[in-house]
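Please look at the chain as a whole before turning to single side chains.

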Amino acid sequence: MWNYTTGGLVESSPAVLNGLVYVGSNDHNLYALNATTGAKVWNYTTLGEVYSSPAVLKGVVYVGSYDNNLYALNATTGAKVWNYTTGGW
C-alpha cells in the first residue's frame with residue numbers, strides 16, 4: 001500500500017493508533033506516519049538509536065532510546081512531554 005524510507009534500519013515494532021503509525025529507527029528518530037498514506041506527520045530526534053517499540057496511551061507516545069532516556073511525546077505533535085534518564089539502554 002505504501003512505504004516510508006528512514007535514514008537507518010527499522011528494528012522496532014510499530015504501534016498503530018488513531019490513524020498514525022509510530023515506529024523507531026536506528027537513525028535516532030521516532031516517526032509518526034499517516035496510516036493511510038504513509039506520509040510523515042512528525043519525527044522526534046534523540047541522541048541514540050530507537051530500537052524499542054513505542055507504546056501509546058492517552059495521547060502520549062512512550063519510547064526508549066540508546067541515549068539512555070525514556071521519552072514521553074505528545075502523540076499528535078511529537079512535542080516532548082518529559083524524559084527520564086535511565087542507568088543504561
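What percentage of the contacts in the protein with a separation of 6 or more do residues 24 or more positions apart account for? The share is 28%, where contact means heavy atoms within 4.5 Å. This is a predicted model, in which local features need pLDDT of at least 70 and side-chain atom pairs count only at pLDDT 80 or more, while totals for chains, interfaces and linings use all residues. Residues are numbered from 1 along each chain as its sequence is written, and side-chain values use heavy atoms, with hydrogens and water left out.

The protein has zero helices and eight strands, both being DSSP runs numbered from the N terminus (helices H or I with at least four residues, strands E with at least two). Its radius of gyration, taken over C-alpha atoms, is 12 Å, close to the 12 Å of the globule rule (2.2 Å times the number of residues to the power 0.38) for 89 residues, so the protein is as compact as a globular protein of that length. Along the principal axes, the C-alpha trace spans about 40 × 30 × 15 Å.

Turning to the interior, 38% of the 89 residues are buried, that is, under 20% relative accessible area, with exposed meaning over 50% and partly exposed in between (1.4 Å probe, protein chains only). Leaving aside neighbours within four places in sequence, Trp42 is in contact with residues including Tyr22, Leu30, Leu73 and Gly78.

Ala35 lies in the loop between S3 and S4 and, because its relative accessible area is 28%, counts as partly exposed. Beyond residues up to four places away in sequence, Ala35 touches Trp2, Gly19, Leu20 and Val21. From Ala35 to Tyr22 the C-alpha to C-alpha distance is 9.2 Å, across 13 residues in sequence.

On the surface, Leu70, Val81, Trp82 and Tyr84 form a nonpolar patch with about 390 Å² of accessible area together. Strand S8 (residues 80-85) gives the most to this patch, with three residues. Trp82, found in strand S8, counts as partly exposed because its relative accessibility is 37%.

Methods. Patches are made of residues with over 30% relative accessible area and no salt bridge: like charges are joined within 9 Å, nonpolar side chains (Val, Leu, Ile, Met, Phe, Trp, Tyr) within 5 Å. Accessible areas come from the Shrake-Rupley method with a 1.4 Å probe; for residues, only the protein chains shown count as cover. A salt bridge is a side-chain nitrogen of Lys or Arg within 4 Å of a carboxyl oxygen of Asp or Glu.
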